[in-house]
Amino acid sequence: MILRFAAAAASASASVSRISKPHNPPFLSLPHPNTLKFHNQPSHNPRNNVLLPLPSRSQRCYIRAISDATVEPEISKKEQNESPKDWKIKMLYDGDCPLCMREVNMLRERNKSYGTIKFVDIGSDDYSPEENQGLDYETVMGRIHAILSDGSVVTDVEAFRRLYEHVGLGWVYAITKYEPIAKIADSIYGVWAKYRLQITGRPPIEEILETRKKKVDILNT
């Protein structure tokens, strides 16, 4: 998510820098709810007209795709518990992470048209390491993990790339297949993974593990 936003911001900044700015922009006031008044009336001199470059078709598609990719839809409990039968990749996610859930919800919405991702909340009471290649809660809390249908485990930016590929958004992370971009992307993600609990205002991992242990003990009694 962080890498997507950085790429989108860089592209937007480059586009804005190419747009000419008028010298006398009009200012508006609202003296009455149904009226608009210009303090600085725009000139009708054709020479003062500023033509703004329209984005190309490819730029419009890119902006639209980024916009679609950052939508945070409402997901019902029923939808959260449903999993496709013929899934190609399993996403292990932290359901208590607010920023993580924005990405999960977006992928879940896209997955309605593909049915290729199975979503597994590692924070749920019934999470089972045995059903997920032996990946325990503490391990998966450390960084993103995904499991392919053949049992292979992928982590870090590669996990995001595989997930996005399975819902028609492979181009977002396509560049991370190549060095040195792959190494740089993993380094950036590593910083996020290390500090995400602090960033999202959650307790240290030690406290989370202790709380979870107590909860499991209570459920097993």
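Is tyrosine 178 buried or exposed? Tyrosine 178 counts as exposed, because its relative accessibility is 54%; the cut-offs are under 20% relative accessible area for buried, over 50% for exposed, and partly exposed in between, with a 1.4 Å probe and protein chains only.

A quick word on the model. It is a predicted one, so local features need pLDDT of at least 70 and side-chain atom pairs count only at pLDDT 80 or more, while totals for chains, interfaces and linings use all residues. Residues are numbered from 1 along each chain as its sequence is written, and side-chain values use heavy atoms, leaving out hydrogens and water.

Back to tyrosine 178: you'll find it in the loop between helix 7 (170-173) and helix 8 (181-199). Helices here are DSSP runs of H or I with at least four residues, strands are runs of E with at least two, and both are numbered from the N terminus. Together with Ile175, Ile181, Ile184 and Ile188, Tyr178 makes a nonpolar surface patch of about 470 Å². Members of such a patch have over 30% relative accessible area and no salt bridge, and their nonpolar side chains are joined within 5 Å.

Now for the rings. The count comes to three aromatic pairs, where ring centres must lie within 6.5 Å; planes under 30 degrees apart are stacked, over 60 edge-to-face, and the rest tilted. Two of the pairs share tyrosine 173:

| Pair | Centre to centre | Between planes | Type |
|---|---|---|---|
| Phe160 and Tyr173 | 6.0 Å | 15 degrees | stacked |
| Tyr164 and Tyr173 | 5.0 Å | 85 degrees | edge-to-face |

Phenylalanine 160 sits in helix 6 (residues 156-165) and tyrosine 173 in helix 7, so their pair ties together parts 13 residues apart in sequence. Phenylalanine 160 is buried at 10% relative accessible area, tyrosine 173 is buried at 2%, and tyrosine 164 is buried at 0%.

How about confidence? The chain averages a pLDDT (the predictor's confidence in each residue, from 0 to 100) of 75, and 62% of the residues score at least 70. Strand 5 (residues 145-148) has the highest mean, 98, and strand 1 (residues 28-29) the lowest, 39. Residues 58-81 also have pLDDT below 50, and beyond near neighbours in sequence this stretch has 33 contacts in the model, a contact being heavy atoms within 4.5 Å.

Key
Patch = residues over 30% accessible without salt bridge, like charges linked within 9 Å, V, L, I, M, F, W, Y side chains within 5 Å. Areas by Shrake-Rupley, 256 points an atom, 1.4 Å probe, with all protein chains shown as cover. Salt bridge = Lys/Arg side-chain N within 4 Å of Asp/Glu carboxyl O.
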